[in-house]
Amino acid sequence: MTSTTHSPSLAARAELSLPHTHVDTIFVDGAWQPSHGKGRNPVTDPATGEVWGSVPDGTPEDVDAAVGSARRAFSSTDSGAWPRLTPSERAAYLLRIADEVEKRAEELSLTNSRENGSPVAESAGAAANAAGIFRYFATLAEYLEREDVRPFPRGGGESVVRREPLGVCALIAPWNFPINLVIIKLAPALLAGCTVVIKPASPTPLSIRVIIDAVAAAGVPAGVVNLVTGSGRLGDVLVKHPGVAKVAFTGSTPVGRKIAAACGELLRPVTLELGGKSSAIVLPDADLDAMSKVLIKSSMRNTGQTCYISTRILAPVSRYDEVVDMVTATIAAGKQGDPLEPDTVFGPCATESQYRTVLEYVESGLAEGARATTGGRAASLAGGLENGYFVEPTVFADVTPDMRIAREEIFGPVITILKYETVDEAVALANNTEFGLGGLVFGADPEAALAVADRMDTGSVGLNFFASNHAAPFGGRHDSGLGTEYGIEGLNAYLSYKSIHRKV
């Protein structure tokens with residue numbers, strides 16, 4: 001094995017002092033408590049292949065304890081019970097959590113990057129983004145407190161509409177953005193008055209503990225937020241637990257289908273944010289220089305491990321070669337390397353399994369006749385990264401709609417470029433997918449670009465850039481999910497409604 005003396009990346013990791021590495025506890029009743037499980041789940045740094053942490057492989061008894069804690073915090077008749085606080089009082093807790101999260105920005109970023117290989121240029125923003133989500137939802141307290149009285153259309157009476165929290169919510173997160181894809185569930189659930197049990201993805205169970213530290217430091221009452229760790233099997237136990245009132249899941253479409261089936265059988269509300277295969281339509285008048293400046297964030301963010309990014313570039317025949325040259329040059333110029341180095345653009349695949357999946361897609365693209373204009377193979381890096389899960393950032397030209405790389409979600413550093421003759425054909429190509437999550441339109445004419453965006457069958461579309469807005473709903477169509485997150489719509493997902501009818 002390479003010694004740290006000659007391995008800068010390993011030496012840099014040896015100098016880190018992170019708050020959570022090898023741990024034996026889960027968070028229940030406001031405290032870190034031993035897990036009932038005897039097994040361990042390792043945490044591997046995908047840049048080096050090194051196991052650097054571990055957590056308990058949880059048990060059904062852990063889930064029982066966590067759900068029981070959350071139920072007590074929700075259903076207690078004490079005056080301080082979480083759902084009996086006013087929305088403004090709960091919002092004050094959200095603001096304190098936001099402050100505490102920002103205090104932990106560096107340890108959150110480094111833990112995240114060691115777990116899933118996200119470059120620190122990406123993970124460094126996780127704390128600020130999480131804090132922003134908490135602060136946005138805190139502004140919706142007034143919405144919850146506003147009296148909602150609706151007159152009968154024919155007169156003679158009115159209805160008082162109450163918004164009430166659903167109860168205990170199971171929040172199950174993926175490994176690609178292990179912080180913010182929890183926070184976008186946690187913040188609205190807490191404001192609504194729900195209590196929660198969080199189950200992170202098994203490859204990334206440590207960074208969320210930093211968030212739990214912030215929750216505890218903010219003084220959130222015991223039992224309101226709970227954390228269990230374990231494999232997907234434990235997530236299944238949590239989803240089906242009789243004490244859970246709602247499930248919110250972000251992850252793959254196949255797992256989402258199973259969760260939807262279980263919740264359907266139980267008549268349990270569920271929000272599902274699933275996979276995507278989004279397209280960027282390049283209109284004939286597009287400014288390719290401007291497009292190049294946002295391409296990586298829009299189409300290969302987080303080394304391609306982002307659900308909404310537009311990994312299919314649809315280019316007009318008249319400018320196809322220009323687009324291929326620009327995309328190839330932009331991707332080839334991005335540095336691939338140690339995610340702990342601030343100038344790294346592309347890191348490793350997050351897990352060995354995902355690494356092998358991405359390589360299989362690359363090989364299928366080559367076998368089916370696509371042309372790799374850059375990349376197209378496993379990357380070979382040195383300096384302690386020899387055992388990392390790196391795939392060269394890859395651009396495929398001459399891609400046809402029937403190829404696997406054009407139809408299936410790869411979730412890795414791979415972009416495909418397809419041709420179209422007319423704008424109608426481009427829209428049809430963009431909509432010719434089982435997914436419907438993100439999308440882009442690049443064009444110089446704002447009205448023409450908006451008209452194309454209106455025709456795309458997807459949940460979100462960016463015009464000449466893509467970004468999430470905490471105040472606007474985000475959700476997928478078709479195989480990309482059910483329900484929405486962000487915005488008032490995301491808050492409403494954690495509410496139940498009661499109409500009280502009375503005569504005037």
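This report walks through a few local features of a predicted model.

Let's start with strand E3, which covers residues 40-45. One face of E3 is covered and carries Asn-41, Val-43 and Asp-45, while Arg-40, Pro-42 and Thr-44 sit on the uncovered face. That every-other-residue pattern has a simple background: in a regular strand, side chains alternate between the two faces of the sheet.

E3 pairs with strand E4, residues 50-56, through six bridges in the antiparallel sense.

Next up is helix H4, made of residues 105-116. From its first C-alpha to its last, H4 reaches 17 Å, close to the 16 Å expected for its 12 residues at 1.5 Å a residue.

Most of H4 is covered, with nine of its 12 residues buried. The buried set is Leu-108, Ser-109, Leu-110, Thr-111, Asn-112, Ser-113, Arg-114, Glu-115 and Asn-116. Just after H4 comes Gly-117, with a positive phi of about 80 degrees.

Ile-133 belongs to helix H6, residues 126-138. Its relative accessibility is 0%, so Ile-133 counts as buried. What does Ile-133 contact, leaving aside neighbours within four places in sequence? The list is Asn-180, Ile-183, Ile-184, Ala-187, His-470 and Tyr-486. Leu-186 is 53 residues away from Ile-133 along the chain, yet the C-alpha atoms of the two are separated by 9.6 Å.

Ser-69 sits in helix H2, residues 60-75. With 1% relative accessibility, Ser-69 counts as buried because the cut-off for that label is under 20%. Setting aside neighbours within four places in sequence, Ser-69 is in contact with Val-28, Asp-29, Gly-223 and Asn-226.

## A three-stranded open sheet

Finally, have a look at the open sheet whose three strands come in the order E5-E6-E20, with antiparallel pairing. E5 (149-151) and E20 (495-502) stand at the edges with a single partner strand each, so one side of each has no neighbour in the sheet. On average, neighbouring strands of this sheet are turned by 30 degrees against each other, direction ignored.

E5 is joined to E6, residues 158-165, by three bridges, and the two run antiparallel. Here too you can pick out a pair: Arg-150 has Ser-159 as its bridge partner in E6.

Key: Residues numbered from 1 in each chain as written. Predicted model: local features only at pLDDT ≥ 70, side-chain atom pairs only at ≥ 80, totals over all residues. Heavy atoms only, no water. Buried < 20%, exposed > 50% of the residue type's maximum accessible area, 1.4 Å probe, protein only. Helix = DSSP H or I, 4+ residues; strand = E, 2+ residues; numbered from the N terminus. Pairing = 2+ DSSP bridges. Contact = heavy atoms within 4.5 Å. Expected span 1.5 Å × (residues − 1). Axes fitted to C-alpha atoms, helices over the stretch in contact; angles between N-to-C directions.
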